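Visitor: Hello! Could you walk me through this model and tell me how each description was reached?

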Amino acid sequence: MTTRNKPRIGVYICHCGMNIAPKVDVEEVARYCQTMDHVTIARDYKFMCSNPGQDMIINDIKELGLNRVVVASCSPRMHEKTFRNAVRSAGLNPYYFQMANIREQVSWVTKDSREATEKAKSLVAAAVGRVFFHQPLDTRQVTVTKSMLVIGGGIAGMQAALTSANAGYQVYLVEREPSIGGHMAKFDKTFPTLDCAACIMTPKMVDVLQHPGITLYTWSEVEKVEGFIGNFEVTVKKKPRYVDEKKCTGCGTCMQKCPTKKILSEFNEGLSYRTAIYTPFPQAVPNVPVIDATHCRVLGQNKKCGVCAKFCETKAIDFDQKPEFVKIKAGAIITATGFQAVNPTSLEQYGYGRFPEVYTSLEFERLNNATGPTSGKVLMKNGKVPERVAIIHCVGSRDTRHKKYCSRVCCMYSMKFAHLLREKTGAEVWEFYIDIRSPGKLYEEFYNRVQEEGVRFVRGRVAEITDMVEDPGDNGRLTVIAESTLTRRTVRVPVDMVVLSVGLEPARGSEDIGRLLGLSRDGDGWFNELHAKLAPLATPINGIFLAGCCQGPKDIPDTVAQSMGAAGEAIALLAKGIVTTQAEISRIDPDLCSGCKSCIESCTYSAIRFDEARKVAVVNEALCMGCGSCAAACPSSAAGVKHFTDKQVMGEIEALLM
Amino acid sequence: MKICFYPGCSFATSAGYRESTEAVCRKLDIELSQIPDWNCCGATVMFGENKLRATALAARHFALVQTMGFEELVTGCNACYATLRKAARLLAADEELFRKTRGVLQNLGLELDRIPKIRHLLEVLVEAMPDSASDKYKTLAVGAYYGCQLTRPDEELDKGEHPQILEHFLSRIGFSVKEHSASTRCCGASHAVIYKNECQELSTRIIREIENKGAQVIATICPLCQFNLDQAQSQNNGPGLPVTYFTQLAGLALGLAPAELGLNKLLISADKVLTRP
Amino acid sequence: MSQNDINPFSAIAHLERINQCIQCGTCSGSCPLADLMDHAPRELFALLREGAYDEVLHSNTPWFCVSCYACMVRCPREIPVTDLMYAFKEVITQQGTAPKNHKMPDMYQAFSRSIKDTGKITESLVMARYGMKHPVDALKNIPLAVKMLMRGRLELKAQKVAAPKAIARLFALTEIPQDKP
């Protein structure tokens, strides 16, 4: 079948069950199409994507000699591949196919049936007008680089790296903090099993460090991402540690000797201090310190010091270290950039930042952790053990003024805190909640256990935390005010300490990572998965996968499961070894090209080179992504994207407007 | 500077709000163009009776402001501020209500085309008052009390829970400001007048908190708040915290005499506290 | 109470917002006078959603609303609680189901009548009118009234607008059929 013959177009209008019909009068649309020029047959059918539907197309191609096919149904993102395959299996080039979206763009968004039918007719006419000008095209096959990049070294990233490396693939793990471990490294005991987070995680951290298949870059960030699926080229910036990793033995003398001691520790959520040369926590991996250049007397203030260098036995300190840029080739990328806790300062009614004994959950976690500012004892800032503590659920979550979603883990970690408080201090614990969400395995049982431990659960979202007290004897304490909705009274509870169970939001900098990778984010900033139910680990960008909280708040069991899944998806891609890329790429007509180089300047993939001999621009088909920037830039219409030629697009527009 | 002023029903009988506002504005060369023939805004009562009536009562002033040629309307009472803003908000959002209100006012011979911007007297002084020129009141500790309706529900001027605009103002004009946790706690408003016993604790709690945090005098921005806090203390026979208006403190900062500012009208006298070397 | 009762509150603007209430209790917890109400604000919304219209019509809750708006700025679903309380008062007034001999509805009436007659509020006269229904209460205020009078803070003469008839006319133009005089 060639274009030399007159186009014989088959048009198929799908009912999509009840999704398109009866909102769109599909029979009428089919009748209308039958009257169009060059339309040989127009049919309507309940489910075009089904086997009988596809067989209908195949049979018509064979029996009616169709050489063009239009299907009016859902979004091309759903079934363009399906129908192209059907067309191909009938012996026709799959690019002789065009889809009209009359579901997402018509039946799902138009209220009036009459209007919907008219709009559907226009869109199908446009598709018919376009397909008339289609040409046969071929796809390409590219080999996949058999290595993987994992961005983020928390539990999600580490697990993805380990699973992939264990499968025999080379993994590059990039982490922006001085150590891997992420948020989990800050936790004390984890729900529902009360495993110590460090105990279960440090073996994994060591595995990551020692695994021959994993190259670990800490204190590093992804700077640039170029290339395409199967062939990503990533530039990683290794920020200067000012310590030579190869020479450092991790003895820690430098940290002991450093005279700059009053820097708020980020790892301890600002509750204690660290030195200018530091490792964030004792079990840091790698156990190599970094120098905080802003606060270091030598690097940040041009003063004389260098005490660390003086005492370092292996002479590992290097104040002249510069950032290093490493280029990595990866076939797949797994994004595991995690989350950050919501800052409750703007919820002024809770007094965070005004009252010293109001803590966020992460701060409270550090109080409980043995490596924290109080060596794991729950103490107030005045050194005393609290006698009564309030835990406030839903701070910043389920709140249209902050995050409208539920952050999923807070009920469970709040109950964990209640348990730890009862166990460690015997304090009276009041837990203020709206609903108790305990859906995981052993989660409801954990709730039951905490109830048995005598924690006082009050159903009521806290209205205010104030330092005004009812009883002068409570001077110095905080009062928690809430309606106890179950007992229908206002409770005003004087407490020594308040823990705010803050929600989760996307990690700082995820917007930048999204831009680098080309990932879209939802309204709350979480990365968009390909399909919420059926493809939660893939993204619309082929070859880039998601693991962990960067896709949405979740607990550790779900994070680990998701990481293993993302690794599996990435491994599948690498194992296959080849990727079929699109046929819709740029073509520059050398006869029309004037050699102005506008296309080369506009190409983001550096896919066009200038042929000095012929003085024309030439496309590198392996790199071209078919974005069309060159076509738009070209003043002589020499550059065009295959399958998006001027004729095809104009044909579509003309038919639409007729 | 000329501003269009809506006094509200409690302004003239308040404990010196009127005197101090007029004195301060005179000193700062602010001409108060009072809306002629203003009526009661309806306060917290009329919207509970009849929405159209309440809107029309408030909007009558919008029409009058229009004829006066002003774009903004300034008031010193929180309830008037909140009620006028509520009417403005409803009229801007509800076409049918606007049409009906317009009709009612036309029947009274008034044209409503534009809705003015409603501002509180505090905003005007924040802009017009110069920084402190003397240390005279540097040791006078003031607790700021906003009441509820300046920054709620709109939160346009400042935050709803812990605004800072009044504290910053008082500090800038030379007073020592003591932060406290009751700056927007409700005094009970008109309920405190009717349910005196039940609402006593509301005012007492506020005063106790301000006192605990080290203030010697309270600064208010609303006649009803001033009344409630003032009279709640006058029940007790002991000394209390004088409850002043921010305009009175502004007047003192400008060097005006207490007598010019109506400070003698307070139930809890401010004499002792204001005696400065 | 029959499940088939017509909702007397159905005409209230934005009433459907209470469908989004998650019954968290922030409104009640923030309310300075919740302890005086027969139903805390949260509970009132729950009753209304369940169709307990009589309970809501006879509740004293809206009459104890001080309009402090603390509920409104904290509600996690941004439900306009205070505005709804105003609207409830409007319906209750029109239906005539305000609690009998309750001080607040009577005070509101005295206030409103004052505006209708003179266009302004003269505190002493409003109190006097209120005192006709609650004499003991009004009399209890006399010592305070004297104190205020001595400081020039009590006006005994009626404050009026230039043309009180205009305000009375405004009232007439905005009357709703079931309006109580």
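Guide: Gladly, starting with chain C: 28 Å separate the centres of domain 1 of chain C and domain 2 of chain C, taken over C-alpha atoms. This is a predicted model, in which local features need pLDDT of at least 70 and side-chain atom pairs count only at pLDDT 80 or more, while totals for chains, interfaces and linings use all residues. Residues are numbered from 1 along each chain as its sequence is written, and chains are lettered from A and ligands numbered from 1 in the order in which they are written.

Visitor: How do you know where the domains of chain C lie?

Guide: The bounds come from an automatic or database domain assignment. For chain C, that assignment gives domain 1 as 15-95 and domain 2 as 103-173.

Visitor: Which domains does chain B have, and what makes up the contact between them?

Guide: Domain 1 of chain B covers 2-121 and domain 2 covers 131-274, with their C-alpha centres 24 Å apart. Two residues are in contact if their C-beta atoms, placed from the backbone, lie within 7 Å. By that rule, domain 1 of chain B puts in 20 residues and domain 2 of chain B 26 residues. On the domain 1 side, α1 (17-27) and α4 of chain B give two or more residues, and α1(B) gives the most, with 7 residues.

Visitor: What makes a stretch of chain B a strand, and in what order do the strands of its open sheet run?

Guide: Helices (H or I, at least four residues) and strands (E, at least two) are DSSP runs, numbered from the N terminus. In chain B, 4 strands form an open sheet with parallel pairing, in the order β2-β1-β3-β4. The edge strands are β2 (31-34) and β4 (117-120) of chain B, each pairing on one side only.

Visitor: Why do β1 and β3 of chain B count as a pair?

Guide: Strands pair if DSSP finds at least two bridges between them. Strand β1 (residues 2-6) and strand β3 (residues 72-75) of chain B are joined by 2 bridges, so they meet that rule. Y6(B) stands opposite T75(B) in β3(B). Helix α4 (residues 78-93) of chain B packs on this sheet, touching β1, β3 and β4 of chain B.

Visitor: Why are α9(B) and α10(B) called roughly perpendicular?

Guide: Their axes come within 9 Å and cross at roughly 95°. Axes are lines fitted to C-alpha atoms, for helices over the stretch in contact, and angles run from 0 to 180 degrees between N-to-C directions. Under 35 degrees is roughly parallel, over 145 roughly antiparallel, 65 to 115 roughly perpendicular and the rest oblique. The two helices, α9(B) and α10(B), are therefore roughly perpendicular to each other. Among the residues making the contact are Q200(B) and I207(B) of α9(B), and L229(B) and A232(B) of α10(B).

Visitor: How many residues of chain B touch chain C?

Guide: 41 residues of chain B are in contact with 45 residues of chain C. On the chain B side, α3(B) gives the most, with 5 residues.

Visitor: And how much of chain A is buried?

Guide: A residue is buried if 20 or more other C-beta atoms lie within 10 Å of its own, exposed if 12 or fewer, and partly exposed in between, with C-beta atoms placed from the backbone. Buried residues make up 47% of the 658 residues in chain A. Chain A has 17 helices and 34 strands.
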